[in-house]
Amino acid sequence: MSTPPQARSVPHIVTELPGPKARAHVEFDHAWTSPSLPRAYPIVPVRGEGCAIEDIDGNVFLDFAAGIAVNSTGHSHPDVVKAIQDQAANLLHMSASDFYLPIYAQAAAELARISPFRGPARTFIGNSGAEAVEAGLKLARYHTRRQNVIAFLGAFHGRTMGAVSLTASKAKYHAHFGPLLPGVYHVPFGNQGLDEIEGRIFKRLMPGDEFAAVIVEPIQGEGGYVVPEDDFLPRLRALCDRHGILLIADEVQSGAGRTGKMWAIQHWDVEPDILLTAKGIASGMPIGAMIARSDVMSWGPGAHGSTYGGNPVALAALMATVRLLEGGLIANAQIRGREIMDGLAPLLDRFPGIVRDVRGKGLMIGIQFDSGETAEAVQMQAFDRGLLVLEAGDDCVRMSPPLVVSQAEAETAVRLFIDSVAHVATHRGEDVLEVAQSASQGLSVPGVESAG
């Protein structure tokens with residue numbers, strides 16, 4: 001057995017990137033998997049520990065992507081692994097849709113406890129963020145007996161049919177899938193969107209009392225890690241109250257402690273009616289949940305369900321994850337996030353023609369560039385140096401490391417990222433796409449991007 005990734009200096013690159021085994025596997029993958037899968041860069045991960053991920057060739061990377069903000073407690077946290085092993089030894093599956101699975105009710109109560117609701121709440125548990133979005137959409141329509149929904153440009157809510165109808169981060173997510181869900185209206189994210197809701201939609205297109213819900217990411221994720229104006233969410237809450245509209249907070253990416261609070265919406269002291277979570281809430285196990293005020297959770301038996309939703313093994317991971325988040329990882333996200341933001345801030349002065357913004361909260365950090373081509377080139381240069389980051393939006397790179405990240409790892413990531421930007425800056429006379437392609441050593445990786 002090879003040395004654990006965390007026992008070595010990280011990053012630790014021992015081959016060209018991608019290495020020979022990775023190249024072979026990428027070719028094998030392309031022959032058998034759906035071509036719809038977006039791939040950011042040619043990494044073939046086989047083992048992880050903490051913030052380190054080892055590829056098939058023995059290269060060890062510093063992971064500041066965390067499986068698209070999923071591995072909140074790091075790779076294979078021993079507490080989470082033990083919880084999974086213990087549960088697997090007792091019961092692998094029993095559908096909570098049809099039977100009284102004990103851990104399902106326990107997890108539902110735990111999610112209600114940590115939710116941002118002041119009053120009682122109830123929980124539906126599924127398998128993914130998109131499923132949580134679908135559940136929230138169905139509940140909002142059921143409870144209000146209204147059809148229409150408002151979402152925001154730049155939003156990413158998933159790619160199932162209802163969720164993709166709400167998604168508006170990239171036009172290609174809609175291409176060839178129409179007609180999409182009717183009754184969905186999109187407005188700009190932030191205060192401009194609120195003005196458009198009142199002045200255009202409610203006045204010219206559809207009255208406010210015809211809308212079931214407004215769904216919003218408190219901080220946009222795939223759309224570019226966009227932090228709204230401080231009065232946006234309070235104003236949105238007031239708008240919903242005026243028209244009897246439910247406010248759905250999509251915390252799939254921004255929740256589970258990532259921003260330095262359990263839920264990003266808590267930064268603005270706003271209470272939603274429905275909250276959606278997935279990704280980091282179970283440290284990588286497939287869980288998605290919809291938590292709602294008890295009075296809103298008004299549907300009856302058979303209105304919604306899921307055969308695998310609330311699998312006991314995945315829920316054991318969720319329970320362990322919540323303990324770790326409350327046991328210090330949320331606080332660590334706050335501290336490390338400030339350090340990383342401070343470390344990246346000089347980019348604005350050093351590369352004013354390239355870097356346009358450094359923004360975020362906690363360990364949800366976005367760096368905006370002058371173009372999407374520059375962002376891709378920086379992402380690939382970071383990969384070439386052993387640092388995993390991901391593009392987001394039209395022209396951003398996101399940093400979303402595991403919440404276990406140490407000060408030393410944060411400093412290393414900042415140094416490698418600045419080196420990557422500096423490299424791209426010195427090649428401004430070249431085609432930055434060529435810079436990105438050279439980082440992959442000539443390997444063709446179709447559909448290079450990230451989503452989620």
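This is a predicted model: local features need pLDDT of at least 70, side-chain atom pairs count only at pLDDT 80 or more; totals for chains, interfaces and linings use all residues.
Local features require pLDDT of at least 70 and side-chain atom pairs pLDDT 80 or more, whereas totals for chains, interfaces and linings use all residues. Residues are numbered from 1 along each chain as its sequence is written, and side-chain values use heavy atoms, with hydrogens and water left out.

**View 1. The aromatic pair of Phe61 and Phe383.** Rings of Phe, Tyr and Trp (its six-membered ring) pair if their centres lie within 6.5 Å; planes under 30 degrees apart are stacked, over 60 edge-to-face, and the rest tilted. The model contains 10 aromatic pairs by this rule. Phe61 and Phe383 are stacked, at 5.4 Å centre to centre with 10° between the planes. Phe61 belongs to strand 3 (residues 60–63) and Phe383 to helix 11 (residues 372–384), 322 residues apart; helices (H or I, at least four residues) and strands (E, at least two) are DSSP runs, numbered from the N terminus. Both Phe61 and Phe383 are buried, that is, under 20% relative accessible area (1.4 Å probe, protein chains only). Ring pairs join Tyr41, Phe61 and Phe383 in a cluster.

**View 2. The aromatic pair of Phe152 and Phe189.** The ring centres are 5.9 Å apart and the planes lie at 85°, so the pair of Phe152 and Phe189 is edge-to-face. Phe152 is in strand 5 (residues 148–152), and Phe189 is in the loop between strand 6 (184–187) and helix 7 (191–205). Phe152 and Phe189 are both buried.

**View 3. Charged ends of Arg145 and Arg159 over tyrosine rings.** A charge sits over a ring if NZ of Lys or CZ of Arg is within 6 Å of the ring centre and within 35 degrees of the ring normal. The charged end of Arg145 sits over the ring of Tyr142, 4.6 Å from its centre. For Arg159, the charged end sits over the ring of Tyr173, 5.5 Å from its centre.

Note on methods:
Buried means under 20% relative accessible area, exposed over 50%, partly exposed in between (1.4 Å probe, protein chains only).
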